[in-house]
Amino acid sequence: MNAPPDINPFSAIETTGSSLPPRHLTGALRRYTLVLLRWGAVLGQAVALLIVAQFFGFDVDLWPSMAVIGIAALVNIGVSLGLPLDRRVSDSEAIAQLGFDIGQLALLLYLNGGVENPFAILFLAPVVTSATTLSKRVLATVAGTALIAATLLLFWHQSLPWIPGVDFRLPRVYEIGMLAGIIVGTSFTSLYAWRATTESRTMSAALATTEQMLAQEQKLSALGSLAAAAAHELGTPLATIAVTAKEMTRELPDGPLADDARLVLEQAQRCRAILEQLALRGDTPDLIHETLSLEDLLEEAAEGFIHREKDLIVDSHQPDGKLPLIIRRRPELLYALKNFTENAVDFANTRVELTATVDDTSVLVTIDDDGPGFDPLIRTRLGQPYVTSRAKGGSAGGLGLGVFIASTLVERTGGKIYFERSSIGGARIRCIWPIAQLTPQL
């Protein structure tokens, strides 16, 4: 769906056919975060070893294990002293640092039972970190490294620390099960984290775009007030010019100077007339400029699309015996209805109907067209950002970012939106608001 013809900042987005946000939204990881996570790992590993060795009395090869932990601490100190921590790391540095973390954990597990060690599940940590903050290439590299390390530990590792004098070994099938659990857990968790993060970024990007569009609409709406203020401020100097020019025309004899004075007077009067018109168009805070009727709302939404060689029918129904409903003028409300109307006109074969119905508690606006309708495969996802590109070949497959923007604006104004099959053969969009959300608060 495109924006109205005179304001179309989304044309580039709508025509790309992409279902994902721009590449720069994929995110990155700060070096400080990596350092902080590594300090947490160093502390946790050291405490776990000391508890196993001192509290449980297990036969732990303590000093080699503590040396491996010390290497991680030294690397952290070197990174902290040699590199700025407030910078975002590149993909290559992220692979190097997370790869080191996997290698350090693998070496520590090699000394303490391999995949038999319950702490082997910590292979998930660097994989999930890359899934939530880094690119697919980094995720694939880190996940592959973790799975290779876990597989090697199945075959090469020292005995699991246990009670002195007791040789404790798990069955091979159990070790294979542990490895399978690590592989499945790593794959599922990384996929889940990646998908959830991608959807979150997509929604954030679309909401930011919606905020920009709404700000643009509000600026355009404010131009009327600016015009009224300019008319008021310019009225005094123009009146002075008009009075001076009128005196000059009376006192100057006939000739070129008198003709110039009359011309100045005529142009000053013309400027005052223009400013009076601008003042009338300003969004002054009164019922005339801040409100409109339900029928006017529909006509304004359809105004830009009446010359598209499609029958565009506007109708409104209100209870008999009651005063016509007066609606507060809101830029987001008008923009949403214009977007839906334009989409209906673009996909209709011959006919579009805009209908508004009022009852005691709510206002219903229905937009019908006789086009191909919504694709049933994506109807439940309509209103989400970047569903698909615009359909080609006359098939209303998907509506892209525009529907998300319009739907968000409808919800922001207190309404609900439904996508259905139209009684005239195409698509139907129903927008319902409580009356209290639309009436002016004066």
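Which hand does the crossing of H10 and H11 have? I looked, and the crossing is right-handed. By the rule I used, a crossing is right-handed if the near helix is turned clockwise from the far one by less than a right angle, and left-handed if anticlockwise.

**Ground rules**

I am reading a predicted model, in which local features need pLDDT of at least 70, side-chain atom pairs count only at pLDDT 80 or more, and totals for chains, interfaces and linings use all residues. Residues are numbered from 1 along each chain as its sequence is written, and side-chain values use heavy atoms, with hydrogens and water left out.

**Whole chain**

I find 13 helices and seven strands in the protein chain. Both are DSSP runs numbered from the N terminus: helices are H or I with at least four residues, strands are E with at least two. The chain has 442 residues, and 42% of them count as buried. Buried means under 20% relative accessible area, exposed over 50%, partly exposed in between, with a 1.4 Å probe and protein chains only. I also checked contacts, meaning heavy atoms within 4.5 Å. Of those with a separation of 6 or more, 73% join residues 24 or more positions apart.

**H10 on H11**

Back to the helix pair. The axes of H10 (residues 294-302) and H11 (residues 331-347) come within 8 Å and cross at roughly 55°. That makes H10 oblique to H11. Here angles under 35 degrees count as roughly parallel, over 145 as roughly antiparallel, 65 to 115 as roughly perpendicular and the rest as oblique. Axes are lines fitted to C-alpha atoms, for helices over the stretch in contact, and angles run from 0 to 180 degrees between N-to-C directions.

I listed the residues that meet. H10 brings Leu297, Glu300, Ala301 and Ala302; H11 brings Leu333, Leu334, Leu337, Lys338 and Thr341. They divide into six nonpolar, one polar and two charged. Nonpolar covers Ala, Val, Leu, Ile, Met, Phe, Trp, Tyr, Cys and Pro; charged covers Asp, Glu, Lys and Arg; the others, Gly among them, are polar.

**The sheet**

In what order do the five strands of the open sheet stand? I read E2-E4-E5-E7-E6, with mixed pairing. Strands pair if DSSP finds at least two bridges between them. E2 (311-317) and E6 are at the edges with a single partner strand each, so one side of each has no neighbour in the sheet. From one strand to the next, the twist averages 15°.

I went through the pairs. E2 and E4 are parallel, over seven bridges. Ser316 has Ala356 in E4 as its bridge partner. E4 (residues 351-358) and E5 are antiparallel, also joined by seven bridges. They form a hairpin with three residues between them. E5 and E7 are antiparallel over seven bridges. Ile367 in E5 stands opposite Leu354, and its bridge partner in E7 is Ile429.

E5 (residues 362-369) is mostly covered, with seven of its eight residues buried. H11 packs on the sheet and touches E2, E4, E5, E6 and E7. The direction of H11 makes about 25° with that of E5.

**Two further checks**

Is Ser422 buried or exposed? I find Ser422 buried, at a relative accessible area of 7%. Ser422 sits in the loop between E6 (416-421) and E7 (427-434). Beyond its neighbours within four places in sequence, Ser422 contacts Asp368, Asp369, Ala427 and Arg428.

Last, H5 (residues 124-133). Seven of its 10 residues are buried, among them Leu124, Pro126 and Val127.
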